[in-house]
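I opened my notebook beside the model today and jotted down what I looked up. Come along and check the entries with me.

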Amino acid sequence: MQTTEVGQNSEIKQVIGSLCMMNNRFMNFMLDDNKKAAQVFLRVILGDDKIKVRNVRIQSFIQNIYGHSSQLDILAQDSKGRYFNVEVQRSDEGAPARRARFYSSILDTHFLQPGKLYEELPDTYVIFITENDVLHDNLPLYNIRRRIDENAKCFEDGSHIIYVNSQRRDNTALGKLMQDLYCTEPKNLHYHEFAERMEFLKYSKEGEEKMTDVIEEYAARKAEALAKEAVKEAAKKAEEKEQANRIELDQGLLADGMSIEFTVRHSKLTEAEVRELASKLSA
């Protein structure tokens with residue numbers, strides 16, 4: 001029993017040790033109520049060292065009574081009242097253009113209070129950090145704004161959508177930030193604002209307890225994978241048994257003197273397989 005517990009603890013530590021910020025849940029823990037870390041993200045991505053984060057929270061559920069509601073990964077507000085939604089997307093299917101549009105719109109409907117003027121609608125930024133270059137132009141950053149077709153001027157409505165290509169990990173400030181997203185060791189991080197929190201989460205008992213749901217999520221995925229593997233193995237064995245029964249039946253027919261043509265007509269094997277059986281019996 002003790003050996004089992006030691007093995008489980010070792011496995012848990014391995015799982016925690018392998019986590020990086022490109023893991024959505026771990027990113028949430030890294031930035032939860034961590035204004036300094038969120039500030040680094042926004043300053044580097046937006047190229048603005050004057051951004052001051054007022055508050056940051058994770059897994060913000062925004063209710064939409066008329067349609068689809070949303071749960072935002074990370075939602076921050078700065079001293080100017082601007083809102084920033086940061087989403088980490090490892091799957092290309094998780095970052096379609098219309099999802100970004102929807103998130104932008106739901107921020108608008110949530111943050112313009114009744115009785116307020118449209119001019120009071122805060123600026124919003126929807127930021128998708130993607131594992132792959134989903135927009136396929138090999139750019140480190142894609143700033144998306146509305147513009148007027150006839151004169152190519154920006155339509156200043158205060159909405160911003162940004163795609164960050166995490167594959168571009170060069171020695172620029174943004175590239176180093178992308179390197180940090182894949183880093184699993186606090187000592188190797190470029191930005192010290194992340195190091196203290198990662199050290200706490202990975203190497204303290206309190207941090208490990210805080211990440212209970214990450215471990216539970218891992219355990220659930222592992223159990224699901226084992227269950228799928230068991231189903232595949234059972235299906236494979238059933239198919240092998242069925243194939244053995246087919247071969248046995250056809251061997252009996254051929255041994256009783258039935259022709260190849262007759263055996264093929266009454267068999268679930270292919271003609272080539274029946275002929276191969278016949279050749280083995282006559283050898």
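**Entry: the largest pocket**

I began with the lining of the largest pocket and sorted it by class: five residues are nonpolar, four are polar and four are charged. For these classes I counted Ala, Val, Leu, Ile, Met, Phe, Trp, Tyr, Cys and Pro as nonpolar, Asp, Glu, Lys and Arg as charged, and the others, Gly among them, as polar. The model is a predicted one: local features need pLDDT of at least 70, side-chain atom pairs count only at pLDDT 80 or more, and totals for chains, interfaces and linings use all residues. Residues are numbered from 1 along each chain as its sequence is written, and side-chain values use heavy atoms, with hydrogens and water left out.

The space in the largest pocket comes to about 260 Å³. Of its 13 lining residues, Arg101, Ser104, Ile144, Arg146 and Ile161 are the closest to the centre. Helix H4 (97-111) and E6 each supply at least two residues of the lining.

My terms here: on a 1 Å grid over the protein atoms alone, a pocket is an open set of points with protein on both sides within 12 Å along at least five of seven lines, a cavity is a set where a 1.4 Å probe fits but cannot get out, and lining residues have an atom within 4 Å of a point. Grid points are joined across faces, edges and corners, and a volume is the space filled by probe spheres set on the points. Helices (H or I, at least four residues) and strands (E, at least two) are DSSP runs, numbered from the N terminus.

**Entry: the cavity**

How many cavities of 30 Å³ or more does a search of the whole structure find? I noted one. The largest cavity holds about 40 Å³ of space. Leu31, Ala38, Phe41, Leu42, Ile74, Ala76 and Val86 line it. By class, this lining has seven nonpolar residues, no polar and no charged. H3 gives the largest share, three residues, and both H3 and strand E2 (70-78) supply at least two.

Leaving out residues up to four places away in sequence, isoleucine 127 touches Leu42, Ile45, Asn85, Val86, Glu87, Ile162 and Val164; contact means heavy atoms within 4.5 Å.

Is threonine 263 buried or exposed? I call threonine 263 buried because its relative accessibility is 0%; buried means under 20% relative accessible area, exposed over 50% and partly exposed in between (1.4 Å probe, protein chains only). Threonine 263 lies in helix H9 (residues 260-265). Its side chain reaches the backbone oxygen of serine 259 at 2.9 Å. Beyond neighbours within four places in sequence, threonine 263 is in contact with Asp250, Leu253, Leu254, Met258 and Val274.

Cysteine 20 sits in the loop between helix H1 (2-18) and helix H2 (24-31). Cysteine 20 also counts as buried because its relative accessibility is 9%. With neighbours within four places set aside, its contacts are Phe26, Leu181, Tyr182, Cys183 and Thr184. I also checked its C-alpha against that of methionine 198: they are separated by 9.0 Å and are 178 residues apart along the chain.

**Entry: positive phi**

Most residues other than glycine have a negative phi. I therefore wrote down histidine 136, whose phi is near 65°, and which counts as exposed because its relative accessibility is 63%. Histidine 136 is in the loop between strand E4 (124-130) and strand E5 (141-144). Alanine 152 also has a phi near 65°, and its place is the loop between E5 and strand E6 (159-165).

**Entry: the whole chain**

Last, I noted that the protein chain has 10 helices and six strands. Of its 283 residues, 37% count as buried.

Definitions and conventions
A polar contact is a pair of N or O atoms within 3.5 Å; within protein, one must be able to donate a hydrogen and the other to accept it, and residues adjacent in sequence count only if both atoms are side-chain atoms.
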